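Have a look at the structure, then read on.

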Amino acid sequence: MIKLTPPMGWNSWNTFGSEIDEKLIMETADVMAESGLLECGYDYLVIDDCWSLRKRDENYKLVPDPEKFPHGMKYVADYVHSKGLKFGMYSCDGYKTCAGFPSSYQYEFIDAETFASWGVDYLKYDNCYKPVTVPGKLLYHKMGLALENCGRDIMFSACNWGVENVQEWIKETGAHLWRSTGDIHDNWESIKDLTHQQIALQPYNGLGCFNDMDMLVVGMNGKGNVGFGGCTYDEYRTHFALWCLLNSPLMIGCDIRIMTPETKAILMNKELIAINQDPAGRQPCMLMGSKDGPKEQTYVWYKHLEGGDLAIGLFNMSDNPSYPWVGFEQLGVDHTSGKDLKIRDVMNHRDLGIYHDMFSTGLEPHCCKVFRCTLVPADGNYNISFING
Ligand code: GAL
């Protein structure tokens, strides 16, 4: 059975591009298992593009590049599984992958069976060199069907970058997640862009098929295949919190063998991860912000969690301080409810006390706050409404 909450794991593309091999994958598996990442829920290790030879074999099967993967993929998958992890791979719906390797168009069923025979648990399915006359919907549908008939549970990660109105049809294809954006880059502009593009797409986000905002750039620090400039740690914190609150898959893209303490603290914030992995998987609701506004807005989203807590995220995407406020009436907790909110700061792991009717707070540029709020009986004891710190 494939889990319904957003997948979490690591993907080779952001840092390594075509520079991948067996040693890197096995070392990464070791670190995922031993660093605490697996314990936090990061359990899929995914090899992206550039893993195969440029030609299929005489039976039309894909062949792992023997220089990169001398023992073949089953060997790598077995090693990954031995660490308690799941194993993911990559293909594409066109004539070639984006990097020019053989792709699955008209080989969907053969490839799904090959992946299953190697022990693959996750397939990222890209959209390059797609035949122009065939609708993407049909191609994703075909691979979805091939995967469901291959004899193994394989999570289907659709990656058509948000084109062809994919949000309208992707759930029909059996995909468990769908790329709702173009490619991420390791800089603040890209974080702003991808977030802005998500506003209109939230109605399509939800349990079993989540909007994929692309792999994380946390901890890349400007290095690697998509490392165009890098972000500050404050920006990485905001990026991670946004991806958590907006139900995006959490696929790490940095070299986890050299994570700094700051990177580890961001990626292993279990309270934020719990909001991302909330079993109800409800889409977030926007309280402040607009798809027609600039990318440099302050956004406030909240999410109604299983069991009745609320997660509230406040994100300052601009270059100036901002002072947002949240009226509890907008959350459905007005005076008729007889409830106040007990608020916990999940970025800093601090209880802030009980608030009545509303709160306001200050946000530094590019920074965010995320609160987990529990409804409690209103008994007249509460804090003043400004949240410091
Ligand atoms: C892009 C995709 C990236 C990466 C790359 C590989 O189309 O969006 O995430 O997979 O192809 O060539």
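**Cysteines and a ligand**

C98 is partly exposed, with a relative accessible area of 32%; "partly exposed" sits between buried (under 20%) and exposed (over 50%), using a 1.4 Å probe and protein chains only. Keep in mind that this is a predicted model, where local features need pLDDT of at least 70, side-chain atom pairs count only at pLDDT 80 or more, and totals for chains, interfaces and linings use all residues. Residues are numbered from 1 along each chain as its sequence is written, and side-chain values use heavy atoms, with hydrogens and water left out.

**The disulfide**

- A disulfide is a covalent bond between the sulfur atoms of two cysteines.
- You'll find one disulfide in this structure, counted when two cysteine sulfur atoms lie within 2.5 Å.
- The partners are C98 and C128, with an S to S distance of 2.1 Å.
- This bond ties together distant parts of the chain, 30 residues apart: C98 is in the loop between β3 (86–92) and α5 (108–118), while C128 is in the loop between β4 (122–126) and α6 (136–148). Those helices (H or I, at least four residues) and strands (E, at least two) are DSSP runs, numbered from the N terminus.
- The link of C98 and C128 is right-handed, with 95° about the S-S bond.
- C128 counts as buried, at 15% relative accessibility.

- C40 counts as buried, with 11% relative accessibility.
- C209 is in no disulfide either, as its nearest cysteine sulfur, in C159, is 13 Å away.
- C209 also counts as buried, at 3% relative accessibility.

**Around the ligand**

- Residues surrounding the ligand include W13, D48, C98, C159, R179 and D183; a residue is near when one of its heavy atoms lies within 4 Å.
- The shell splits into six nonpolar residues, six charged and no polar. Here Ala, Val, Leu, Ile, Met, Phe, Trp, Tyr, Cys and Pro count as nonpolar, Asp, Glu, Lys and Arg as charged, and the others, Gly among them, as polar.
- A polar side-chain atom of D183 is 2.5 Å from a ligand oxygen, and one of R179 is 3.2 Å from a ligand oxygen.
- The protein buries 95% of the 310 Å² that the ligand exposes when taken alone; such areas come from the Shrake-Rupley method with a 1.4 Å probe.

Conventions
Polar contact = N/O pair within 3.5 Å; in protein donor to acceptor, adjacent residues only side chain to side chain.
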